[in-house]
Amino acid sequence: MRFRRVGVIGQGYIGLPIAVLLANSGVEVVGYDVDRSLVEELRKGITRLNERDLKDLLKKAISTGKYRPSYKKEDLMGIDAAIIAVPTPKFSDGNPDLSFLEDAIRTAARYVGKNGLIVVESTLPPGSSGMIMNWLKQEERSDLMIAYCPERALPGRLIEEITGNTRIIGADSLEAARAAEDLYRLFIRGDIVHTSFRTAEVVKLVENAYRDVNIAFSNEVARICELLGVDFWEVMELANRHPRVNLLRAGLGVGGPCLTKDPLFLYHAGRKLGYEPLMIFEARNVNDSGPYRYARIVHEVMDLVGCNGRRRIAVLGVTYKEGVSDTRESPSEKFIKFFLEKGYDVVVYDPRSDETFGGARAGSIEEAISGSDCVALLVGHPEFRDLEISRIRSLSGKDNLILFDATGILRHQDKKGVIYIGVGLPIPYPAIKRMEKIYPHKGLSGEV
């Protein structure tokens with residue numbers, strides 16, 4: 001199938017890179033988004049995403065006239081195909097909220113030409129194809145082909161992964177599968193594999209549930225090591241010398257838009273069919289509980305060492321992982337809000353994001369640490385790799401400085417002059433003993 005004009009609905013982390021890649025392949029692209037300020041920025045060649053090569057691709061696509069950002073639905077009129085990359089967030093109970101998807105599907109149905117194609121990139125719960133076909137029927141667009149091509153891209157490497165990774169195309173007709181492959185071959189170098197729509201739905205959820213479960217196992221082992229007085233990082237290194245073992249790094253928790261919800265979509269799919277996937281549920285529980293667990297331990301230690309008066313904590317890093325600017329579902333948010341609710345002064349510094357989650361923003365590491373009773377290193381950005389404990393202590397000006405390291409970056413340094421708390425490392429025993437008894441594991445409520 002030949003594509004002359006394509007609409008990409010949603011100009012965020014996935015939609016924008018796809019739109020400019022398509023435009024630079026020679027296709028006329030309308031990048032539609034409901035956020036007017038975002039669209040105005042894109043028209044000027046400005047992107048909020050700190051992604052390698054994306055800015056240059058955006059400027060090139062605009063200069064050639066092939067990419068047109070718009071917040072007006074009618075600008076989609078006459079497109080041959082629509083790619084949908086809108087959020088599919090979760091409700092508080094973990095079930096999927098498909099309201100953005102429904103609006104996008106109905107919008108596409110009104111503007112895609114006869115016998116055109118709709119491809120969904122957004123994460124879908126199993127069984128979504130039936131809902132989508134019903135929405136198209138209600139819009140009297142049963143002529144449209146529908147396919148599912150779930151994104152497989154990591155923030156920080158979006159362009160590289162969108163173009164190079166193997167992609168799965170889920171479609172229940174050979175015609176739709178071939179049309180979707182024709183479209184994606186315009187910008188994808190990696191392999192493309194065809195399967196059914198529902199299989200593609202499950203594959204996407206399984207990929208992220210797999211990672212979430214494996215991270216949860218490492219976090220669980222790290223907490224056991226803390227109680228046993230054993231170094232988790234040494235355990236991980238030695239265990240991984242076994243040819244069939246691959247422990248992942250432990251940390252504060254898990255963030256980002258996918259790992260925090262996709263496993264729950266799979267969990268609820270099983271429950272609706274009479275099977276309760278307990279391992280998936282408990283993995284989510286373990287990873288979600290981390291920020292609360294460590295915040296409470298830090299708070300308890302501060303009580304034990306006698307930090308009196310107005311307490312100040314410096315938080316270094318708020319993004320959901322190192323090396324990116326993305327703060328969506330970051331575990332740092334729960335950690336920070338715990339201390340704000342306790343009445344602490346929270347000062348935040350992140351070289352890659354202005355987000356503070358309610359704390360005060362510092363313009364530098366020095367400003368954040370100065371005068372702080374506690375320094376919490378939550379994200380292992382490259383900019384923090386050269387931090388020295390001696391310098392942190394000197395900047396704080398406190399004799400009983402508490403240093404919480406969620407990253408393991410500082411674990412090999414001399415801890416002289418600080419009370420060091422590290423994920424997976426022995427923590428002051430009285431605090432741990434009390435925390436484990438007072439805060440038993442309670443579930444997805446966020447309690448530990």
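Before moving on, some ground rules. You're looking at a predicted model, where local features need pLDDT of at least 70, side-chain atom pairs count only at pLDDT 80 or more, and totals for chains, interfaces and linings use all residues. Residues are numbered from 1 along each chain as its sequence is written, and side-chain values use heavy atoms, with hydrogens and water left out.

**Stop 1: the sheet.** Select residues 312-316 and 345-349: these are strands β9 and β10, running parallel and joined by five bridges. Strands (E, at least two residues) and helices (H or I, at least four) are DSSP runs, numbered from the N terminus. Two strands pair if DSSP finds at least two bridges between them. Now widen the view to the open sheet of six strands, in the order β11-β10-β9-β12-β13-β14, with parallel pairing. At its edges sit β11 (360-361) and β14, each pairing on one side only.

**Stop 2: a loop glycine.** Click Gly408, in the loop between β13 (401-405) and β14 (418-422). Gly408 counts as buried because its relative accessibility is 4%; buried means under 20% relative accessible area, exposed over 50%, partly exposed in between (1.4 Å probe, protein chains only).

**Stop 3: helix α1.** Select residues 15-23. Nine of the nine residues of α1 are buried, including Leu16, Pro17 and Val20.

Stop 4: Pick Cys225, buried at 5% relative accessibility, then Cys374, buried at 0%.
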